[in-house]
Amino acid sequence: LRFNRETADTSKPEEVLRDINKPVVWHRENLDITDSVLAEIVRDGPAPASPPVGHNPFQRPGPR
């Protein structure tokens, strides 16, 4: 789930439309832990490598 806490510039209709179409996420400013979570992710090192193209981890292996 991606969350963007920025508010839309009401003078730009495309930003207002983008803001209206965002998923509804409950948000209380004094309980926002986004920055802490991102800091932990960065602290733990680089992200794992991307799986090979066409790799589906949910597909059962076929007969051999």
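Colleague: What percentage of the residues in the chain is buried?
Modeller: The model is predicted, and local features need pLDDT of at least 70, side-chain atom pairs count only at pLDDT 80 or more, and totals for chains, interfaces and linings use all residues. Residues are numbered from 1 along each chain as its sequence is written, and side-chain values use heavy atoms, with hydrogens and water left out. A residue is buried under 20% relative accessible area, exposed over 50%, and partly exposed in between (1.4 Å probe, protein chains only). Of the 64 residues in the chain, the buried share is 2%.

Colleague: How many helices and strands does the chain have?
Modeller: Helices (H or I, at least four residues) and strands (E, at least two) are DSSP runs, numbered from the N terminus. By this definition the chain has two helices and zero strands.

Colleague: What part of the accessible surface belongs to carbon and sulfur atoms?
Modeller: Accessible areas come from the Shrake-Rupley method with a 1.4 Å probe, and for residues only the protein chains shown count as cover. The surface of the chain comes to about 6700 Å², and the part belonging to carbon and sulfur atoms is 57%.

Colleague: Which residues form a nonpolar patch on the surface?
Modeller: Patches are made of residues with over 30% relative accessible area and no salt bridge; like charges are joined within 9 Å, and nonpolar side chains (Val, Leu, Ile, Met, Phe, Trp, Tyr) within 5 Å. Val37, found in helix H2 (residues 34-43), is partly exposed at 41% relative accessible area. With about 370 Å² of accessible area together, the patch is formed by Ile33, Val37, Leu38 and Ile41.

Colleague: How many salt bridges does the structure hold?
Modeller: A salt bridge is a side-chain nitrogen of Lys or Arg within 4 Å of a carboxyl oxygen of Asp or Glu. One of them joins Lys22 and Asp19 at 2.7 Å, N to O. Lys22 is partly exposed at 28% relative accessible area, and Asp19 is partly exposed at 30%. The structure holds salt bridges to the number of four.

Colleague: How far apart in space are Arg5 and Asp32?
Modeller: Arg5 lies in the segment before helix H1 (13-20) and is partly exposed at 41% relative accessible area. Not counting residues up to four places away in sequence, Arg5 touches Asp32, Thr34 and Asp35, where contact means heavy atoms within 4.5 Å. Arg5 and Asp32 are 27 residues apart in sequence, and their C-alpha to C-alpha distance is 9.5 Å.

Colleague: Which residues is Val16 in contact with, leaving aside its neighbours within four places in sequence?
Modeller: Val16 has its place in helix H1 and is partly exposed at 27% relative accessibility. With those neighbours left aside, the contacts of Val16 are Ala8, Asp9 and Thr10.
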